[in-house]
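Grab a pencil and take a look at the protein below.

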Amino acid sequence: ELIGGAPESLDTFKELAAELNRLKEGGSSAPEALLQKITEIKNIVDGIKSDIESITLEGLKSAYKAAQA
């Protein structure tokens, strides 16, 4: 599901890594661009996770009461 539609030759992480390494050795900037995009996504997900972890029952109660007012 993660790589839906990928050719059979690139349907495992090992194969993807090998292809990215081949592209990098060939001078392509695609591996670095992909790594940058993955890093950006990870930072966004880490921020969302932090926001979710900071939610408390008291905070939810306060927000609910404020919305009712």
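Predicted model: local features only at pLDDT ≥ 70, side-chain atom pairs only at ≥ 80, totals over all residues.

**Exercise 1.** Find the nonpolar patch on the surface and work out which helix supplies the largest share of it.

*Solution.* Start with the members: I44, I48, I52, I55, L57 and L60 make up the patch, and together they have about 610 Å² of accessible area. Next, look at the helices: α2 (30-53) and α3 (57-68) each give at least two residues. The largest share comes from α2, with three residues.

**Exercise 2.** Decide whether L60 is buried, partly exposed or exposed.

*Solution.* First find L60 on the model: it sits in helix α3. Now recall the cut-offs: buried is under 20% relative accessible area, and exposed is over 50%. L60 has 49% relative accessibility, so it counts as partly exposed.

**Exercise 3.** The whole structure has five salt bridges. Take the ones that join K37 to E40, E53 to K49 and E58 to K61, and work out how far apart the partners are along their helix.

*Solution.* Go pair by pair.

- K37 and E40 meet at 3.2 Å, N to O. Both are in α2, three residues apart, or about one turn of the helix.
- E53 and K49 meet at 3.9 Å, N to O. They're also in α2, four residues apart, again about one turn.
- E58 and K61 have their closest N and O atoms 3.8 Å apart. Because they're three residues apart in α3, about one helical turn separates them.

Note on methods. Residues numbered from 1 in each chain as written. Heavy atoms only, no water. Patch = residues over 30% accessible without salt bridge, like charges linked within 9 Å, V, L, I, M, F, W, Y side chains within 5 Å. Areas by Shrake-Rupley, 256 points an atom, 1.4 Å probe, with all protein chains shown as cover. Salt bridge = Lys/Arg side-chain N within 4 Å of Asp/Glu carboxyl O. Buried < 20%, exposed > 50% of the residue type's maximum accessible area, 1.4 Å probe, protein only.
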